[in-house]
Amino acid sequence: MSEAKPAGPHGYSAEKQALMARLKRVEGQIRGLQRMVDEDTYCIDILTQISAAKSALHAVAVGLLEDHLRHCVVHAASEGDVDAKIKEASAAIARLVKS
């Protein structure tokens with residue numbers, strides 16, 4: 001059974017517009033990749049763009065993780081409930097590093 005997720009505002013709430021803009025740029029990159037495949041673009045050029053899209057998405061993930069640490073983990077520490085949040089953040093870091 002999964003643990004209940006806290007309701008907002010979340011650590012990223014203050015930067016939500018910037019986060020959405022970055023995600024829309026990544027979405028545009030993915031659409032560009034689809035177009036490249038549809039237009040039979042050279043393989044290496046597609047791979048280069050895939051790498052750029054992955055890097056952009058990775059930057060979003062790292063920013064979200066940083067916001068989580070600054071907001072959620074700090075809040076949990078002030079409430080005396082830090083262990084569960086550290087374990088949750090560690091698991092997120094492990095998933096991020098693995099991908």
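**Reading contacts, bridges and helix packing**

Author: Start with one residue. Leaving aside neighbours within four places in sequence, His 68 is in contact with Val 73, Lys 85, Glu 88 and Ala 89. The model is a predicted one.

Reader: Where is His 68 found?

Author: His 68 is found in helix 2.

Reader: Is His 68 buried or exposed?

Author: His 68 has a relative accessible area of 18%. Buried means under 20%, so His 68 is buried.

Reader: How do I describe two packed helices?

Author: Two packed helices are described by the angle between their axes and the distance between the axes. Here, helix 2 and helix 3 pack at an angle of about 170°, with their axes 9 Å apart.

Reader: Are helix 2 and helix 3 roughly parallel or roughly antiparallel?

Author: An angle over 145 degrees counts as roughly antiparallel. Helix 2 and helix 3 are therefore roughly antiparallel to each other.

Reader: Which residues make the contact of helix 2 with helix 3?

Author: From helix 2 the contact takes His 58, Ala 61, Val 62, Leu 65, His 68, Leu 69, Cys 72, Val 73, Ala 76 and Ala 77. From helix 3 it takes Val 82, Lys 85, Ile 86, Glu 88, Ala 89, Ala 92, Ile 93 and Leu 96. By class, the residues of this contact of helix 2 with helix 3 are 14 nonpolar, 2 polar and 2 charged.

Reader: Ala 76 is in that list. What does Ala 76 touch, not counting residues up to four places away in sequence?

Author: Ala 76 touches Asp 81, Val 82 and Lys 85 on that count. Ala 76 is found in helix 2, and at 7% relative accessibility Ala 76 counts as buried.

Reader: Where is the place of Leu 64, and how accessible is Leu 64?

Author: Leu 64 has its place in helix 2. With 31% relative accessibility, Leu 64 counts as partly exposed.

Reader: How do helix 1 and helix 2 cross?

Author: Use the angle and the distance again. The axes of helix 1 (residues 16-38) and helix 2 (residues 43-78) come within 10 Å and cross at roughly 165°. Helix 1 and helix 2 are therefore roughly antiparallel to each other. The crossing of helix 1 and helix 2 is left-handed.

Reader: Which residues make that contact of helix 1 and helix 2?

Author: On the helix 1 side they are Leu 19, Arg 22, Leu 23, Val 26, Gln 29, Ile 30, Leu 33, Met 36 and Val 37. On the helix 2 side they are Asp 45, Ile 46, Gln 49, Ile 50, Ala 52, Ala 53, Ala 56, Leu 57, Ala 59, Val 60 and Leu 64. The residues of the contact of helix 1 with helix 2 divide into 16 nonpolar, 2 polar and 2 charged.

Reader: Now the charged side chains. How many salt bridges are there?

Author: The count comes to 3 salt bridges. To find one, look for a side-chain nitrogen of Lys or Arg within 4 Å of a carboxyl oxygen of Asp or Glu. Glu 27 and Arg 31 meet in a salt bridge at 3.4 Å, N to O.

Reader: How many residues apart are Glu 27 and Arg 31 in helix 1?

Author: Glu 27 and Arg 31 are 4 residues apart in helix 1, so about one helical turn separates them. Glu 27 is partly exposed at 44% relative accessible area, and Arg 31 is partly exposed at 45%.

Reader: With which residue does Glu 66 form a salt bridge?

Author: Glu 66 forms a salt bridge with Arg 70, and their closest N and O atoms are 2.7 Å apart. Glu 66 and Arg 70 are 4 residues apart in helix 2, about one helical turn. Glu 66 counts as partly exposed at 39% relative accessibility, whereas Arg 70 counts as exposed at 58%.

Reader: And with which residue does Lys 85 form a salt bridge?

Author: Lys 85 forms a salt bridge with Glu 88, the closest N and O atoms being 3.4 Å apart. Both lie in helix 3 (residues 82-98), 3 residues apart. Lys 85 counts as buried at 14% relative accessibility, whereas Glu 88 counts as partly exposed at 26%. Lys 85 and Glu 88 are also among the contacts of His 68.

Notes
Residues are numbered from 1 along each chain as its sequence is written. This is a predicted model: local features need pLDDT of at least 70, side-chain atom pairs count only at pLDDT 80 or more; totals for chains, interfaces and linings use all residues. Side-chain values use heavy atoms; hydrogens and water are left out. Axes are lines fitted to C-alpha atoms, for helices over the stretch in contact, and angles run from 0 to 180 degrees between N-to-C directions. Helices (H or I, at least four residues) and strands (E, at least two) are DSSP runs, numbered from the N terminus. Angles under 35 degrees count as roughly parallel, over 145 as roughly antiparallel, 65 to 115 as roughly perpendicular and the rest as oblique. A crossing is left-handed if the near helix is turned anticlockwise from the far one by less than a right angle, and right-handed if clockwise. Contact means heavy atoms within 4.5 Å. Ala, Val, Leu, Ile, Met, Phe, Trp, Tyr, Cys and Pro count as nonpolar, Asp, Glu, Lys and Arg as charged, and the others, Gly among them, as polar. Buried means under 20% relative accessible area, exposed over 50%, partly exposed in between (1.4 Å probe, protein chains only).
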